[in-house]
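Hi everyone, thanks for coming. Let's have the sequence and the model up on the screen, and then I'll walk you through a few spots.

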Amino acid sequence: MTTNVLIVSKGHDYNHDAFLAMFAEDPDITTTLVEQPAAQVLLRPENIDRYDAVLFYDMSGIPAIGLLHDDANDTGIPSADFVNSMEALLASGKGIVLLNHGTVGWPNWPLWREIHGSSFMLSGGEVFGDTVQGSGYRGGHGPFPNPTFTLTPVDPDHPVVAGLGAGFTIADEIYIRSPNFEANVLPLMRSDYDYVASNFTPPPLASAEEQANWDHPPGSNLVVWANAARNSPVVASDIGDSPEAFGNPGFRRLLKNALQWVSSADAREWARSRP
């Protein structure tokens with residue numbers, strides 16, 4: 001049985017051919033890719049039902065640059081239509097997966113943070129009751145190459161890490177952010193990278209003063225986690241930015257597992273039962 005996935009993209013550069021090859025070469029996954037803002041039409045309740053899961057790979061709703069990314073307007077505030085669609089999606093229990101910059105979008109929309117569960121911040125502020133510095137990044141489109149690190153399953157019996165054994169080594173972009181989000185999510189994979197400020201680049205959209213004084217405290221090494229957003233099971237992953245990741249067998253297995261799990265009745269029951 002194939003898993004039918006809607007992929008939402010735009011707002012961040014990526015290698016389309018390498019990204020789509022992951023799905024073209026997997027007979028168990030069928031995909032439809034649509035960019036923002038057209039994606040918001042397919043996310044409406046009357047259109048989304050035919051998909052088993054939604055993979056968010058867009059970076060939308062960024063204040064001051066959002067208009068260039070997804071026509072959301074330049075304030076980063078989602079349209080009422082999009083809000084209603086996402087509320088209905090979460091009520092229905094539709095499965096969601098977010099990769100890399102998918103957790104960065106819509107910083108002024110509380111519902112988006114409720115969905116992905118990450119503490120990533122484009123600039124300093126309050127998240128989950130704590131005042132934190134803006135989050136840094138390493139690799140991607142920054143001045144430094146993608147770091148290489150090993151991801152290890154937290155619970156080897158969880159379906160999202162099935163077949164990954166002791167984990168896998170990968171080179172890809174990662175983030176440093178406050179560990180306070182971990183209390184709200186289910187940890188799935190941790191990295192052996194050293195999450196200290198000296199290994200990361202300051203948040204690019206922070207003020208010049210914040211960047212000059214940026215010294216993020218030691219961050220979380222949790223790279224993959226599950227979250228329950230109302231009735232919807234969610235898997236979020238910091239990795240998933242580069243052709244090196246797209247071609248990595250471990251990452252491909254992780255992504256397939258995540259899409260299949262969030263589409264399952266077991267995952268929906270897990271989400272509904274979370275406090």
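Let me start with a term: a polar contact is a pair of N or O atoms within 3.5 Å, where, within protein, one must be able to donate a hydrogen and the other to accept it, and residues adjacent in sequence count only if both atoms are side-chain atoms. Please keep in mind that this is a predicted model, where local features need pLDDT of at least 70, side-chain atom pairs count only at pLDDT 80 or more, and totals for chains, interfaces and linings use all residues. Residues are numbered from 1 along each chain as its sequence is written, and side-chain values use heavy atoms, with hydrogens and water left out.

The mean pLDDT (the predictor's confidence in each residue, from 0 to 100) is 95 for the protein.

Now, where does Asn15 sit? You'll find Asn15 in the loop between β1 (3-10) and α1 (16-24); helices (H or I, at least four residues) and strands (E, at least two) are DSSP runs, numbered from the N terminus. A polar atom of the Asn15 side chain lies 3.2 Å from the backbone nitrogen of Asp17, and the Asn15 side chain also reaches the backbone nitrogen of Ala18, at 2.9 Å. Leaving aside residues up to four places away in sequence, Asn15 touches Pro243 and Phe246, contact meaning heavy atoms within 4.5 Å. The C-alpha atoms of Asn15 and Phe246 are 9.2 Å apart, although 231 residues separate the two along the chain.
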